Amino acid sequence: MQKESLQQANGNSIDERLLLQTGYVEKVNSVGKGEIIEISLYLPLVNMLDWTEVPYIKFSVGGALFRKYTPAAWDAKAQTCTLFIDAAHDGPGTTWARRLRERDLVQYIKVGSSRQSPHPTGRIVGLGDVTSIGQLLALFQMTNPGTRFSGVLLITDREQSEYCNKNLSPYLHPVLCEDTDQITPVISWINAQKYSIPDTCFYITGNDFVVIQLRKSLIAMGFATEQIKVKGFWS
Ligand SMILES: Cc1cc2nc3c(=O)[nH]c(=O)nc-3n(C[C@H](O)[C@H](O)[C@H](O)COP(=O)(O)OP(=O)(O)OC[C@H]3O[C@@H](n4cnc5c(N)ncnc54)[C@H](O)[C@@H]3O)c2cc1C
């Protein structure tokens, strides 16, 4: 669909009554065995200049079902952004993401905030599983200068890890773990960085249980609770 006709479609009364807004898919890329789906979107109704905290978009994934995904690496002028969806399990969100193709319409009901924005001066460390690639890249985009940012991606698949290493940010470090709840390699990685305790802020997202375990480990290392922002994405 052409961008002009999409803009007309956005004004149409059915979508307005349902309060759904529309965008379209520019490109889809599957990583590894198709278990990370990278989706580039054109969202003409979203003002990305307003994003001062890492946002999420609540998409309609079929019928009355909605799932939240985090836009990464947006271009406010072009009104484009990219989603990274963990599709290594079955669920309505995953099924929706697997079916998306170039030029498809997507509908969303809300753009909200994860309430995470990088501290203005401290060292920023993002931690998360594969559902958090968008969150980590968004934090990186919001951190100025980007050299203050380190992202640790807890990942279980070697091929995906290599893809992330080569294609995402040089400040995003995939750490291979045997399972998503095996946090020891992540803790070892953090210990090895010797972060300054008073000057480092952590932003943790992903599986609820893992988020809690990581937070506990950081507190045990001496970081204060105010330095650790957490948001569970799935359980
Ligand atoms: C603010 C916010 C932002 C988010 N951003 C992203 C994002 O950018 N990318 C992303 O992939 N997800 C993100 N999520 C998670 C996403 O919204 C869905 O919860 C997730 O995709 C699961 O939806 P589903 O319909 O596929 O499975 P569900 O119907 O929710 O679950 C089906 C089954 O799969 C299990 N399951 C769910 N997720 C996973 C998983 N990742 N790995 C293994 N098993 C799982 C569940 O325990 C359940 O048994 C975000 C969540 C929040 C709250």
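How many bridges join strand β3 to strand β7, and do the two run parallel or antiparallel? In this predicted model, 5 bridges link them, and the strands run antiparallel.

**View 1. Strand β3 beside strand β7.** β3 spans residues 55-62 and β7 spans residues 105-113.

**View 2. The hairpin of β3 and β4.** β3 also pairs with β4, again over 5 bridges and in the antiparallel sense. Gly62 stands opposite Leu65 in β4. The hairpin has 2 residues between its strands. Gly63 takes a positive phi there, near 55°.

**View 3. The shell around the ligand.** The ligand is surrounded by 21 residues. Thr70, His89, Gly91, Gly93 and Gly134 are the closest. By class, the shell holds 9 nonpolar, 9 polar and 3 charged residues.

View 4. Four elements each give at least two residues to the shell: β4 (65-69), β6 (80-86), α3 (92-99) and β12 (228-234). β6 gives the most, with 4 residues. Domain 1 (3-113) and domain 2 (123-234) each contribute at least three residues to the shell.

**View 5. Helix α4 within the structure.** α4 covers residues 133-142. Of its 10 residues, 8 are buried, so the helix is largely enclosed by the rest of the structure. The buried residues are Ile133, Gly134, Gln135, Leu136, Leu137, Ala138, Leu139 and Phe140. One of them, Gly134, is also among the residues closest to the ligand.

Key. Residues numbered from 1 in each chain as written. Predicted model: local features only at pLDDT ≥ 70, side-chain atom pairs only at ≥ 80, totals over all residues. Near = placed C-beta within 6 Å. Nonpolar A, V, L, I, M, F, W, Y, C, P; charged D, E, K, R; others polar. Domains from an automatic or database assignment. Buried ≥ 20, exposed ≤ 12 C-beta atoms within 10 Å, placed from the backbone. Pairing = 2+ DSSP bridges.
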